[in-house]
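Hi,

Here is the structure I said I'd pass along. Have a look at it first, and my notes follow below.

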Amino acid sequence: MTEKKRWRGGGSFGVSSIGSWAGGVAFTFAIAWIGYGLSRLPGPDHIGQLACAILIAVVYRQLFGYPDAIRSGIQFASKKLLRYAIVLYGLKLNMGVVFEQGFDLLLRDAGVIVFSIALTMLLARWLKAEMSVSLLLGIGTGICGAAAIAAVSPILKAKEEDTAIGVGIIALVGTLFAIGYTVLLPLLPMTPAQYGIWSGTSLHEIAHVALAAAPAGEDALAMGLLAKLGRVFLLVPLCFLLMYRMKRKNKTDAAAQVEFPWFLGGFLLTSLLGSYVFGRYIVLPAGMLNHVSDATTFLLTMAMTGLGLNVSLRDVRTRALRPLAAMGITSIALSVITYFMLV
């Protein structure tokens, strides 16, 4: 059985829905695989496979247009695979370590999140920037980069293009900051532990923290990841706050009800399993969790590919430069303030 599809440029053709779905998934897989390979080369290895895949997808869109014939598979990757990846991402969060550090850790990380979102939005208003993109960037800066943006986008009902722009910007800017930290490392009057906490408190993604803290030694890396875990943990209450805000905002609009993000429940479940069950009550084969982590990143890369295909560079020029400026200023302020709180 076939259904009619139509190219944006006109004309129609017949294609089965299964073929469209399979072709779209295969297409995002291919670009994600190319992005993965590119991220293993010197230079691109600093920005990571997510950013590499998004850049490839954006370039493809500008050169060849959106592949409408396989739209259903691409949308499956950008929506469904994105949520599955967020569920598996919970395995990266060790809730036991977060709880052991107690209230002080969470209070500090909450301050970082509030500061990042509030300052980004204030600057966005002052710069007359696109508010939806700016909010995503503020959340990504305060919590855990691309993963946070991906998690809150369905709750905020953000456009896929806005999500892709936010993910691409935060991946690139966060990488630049992480590299800058490693350049400054020999010049800073900080102990390895202080430097690690600074990295984990101020940098955007877990990968950025690892990139910046690893050169300072194992103690710095451990403290950096610990500081970052608290921010990742606070993604959960933030999502519920955003749900409450959206429900109040849309309470007079019956067609704009906010659906419960089921993937957030999955994120919590996998966090609990990874923190308290696997390795304690259920012994997994050596290295299995590392393989799951790699698969999670690849699923997220496929999802980012689907999002990247929605990006129009014309819109990026008109809508993303000012949010980028707001997020960049916030990131600098966050780095400076957290640095002087430690030295």
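A quick definition to start: Ala, Val, Leu, Ile, Met, Phe, Trp, Tyr, Cys and Pro count as nonpolar, Asp, Glu, Lys and Arg as charged, and the others, Gly among them, as polar. On that basis, the lining of the largest pocket has 16 nonpolar, nine polar and five charged residues. A pocket here is an open set of points on a 1 Å grid over the protein atoms alone, where a 1.4 Å probe fits, with protein on both sides within 12 Å along at least five of seven lines; lining residues have an atom within 4 Å of a point.

Before going on, some background. This is a predicted model, where local features need pLDDT of at least 70 and side-chain atom pairs count only at pLDDT 80 or more, while totals for chains, interfaces and linings use all residues. Residues are numbered from 1 along each chain as its sequence is written, and side-chain values use heavy atoms, with hydrogens and water left out.

The mean pLDDT (the predictor's confidence in each residue, from 0 to 100) is 82 for the chain, and 89% of its residues reach 70 or more. Over residues 1-15, pLDDT stays under 50. Where pLDDT is low, the predicted coordinates should not be read in detail.

Of its 30 lining residues, Gly48, Gln49, Leu50, Ala207 and Thr297 lie nearest the centre. Helix α13 gives the most to this lining, with six residues; helices are DSSP runs (H or I, at least four residues), numbered from the N terminus.

The second largest pocket has about 370 Å³ of space. It is lined by 14 residues, and Ser132, Leu135, Leu156, Arg245 and Lys249 are the closest to its centre. By class, its lining has nine nonpolar, one polar and four charged residues.

Cheers

Key
Helices (H or I, at least four residues) and strands (E, at least two) are DSSP runs, numbered from the N terminus. Grid points are joined across faces, edges and corners, and a volume is the space filled by probe spheres set on the points. Contact means heavy atoms within 4.5 Å.
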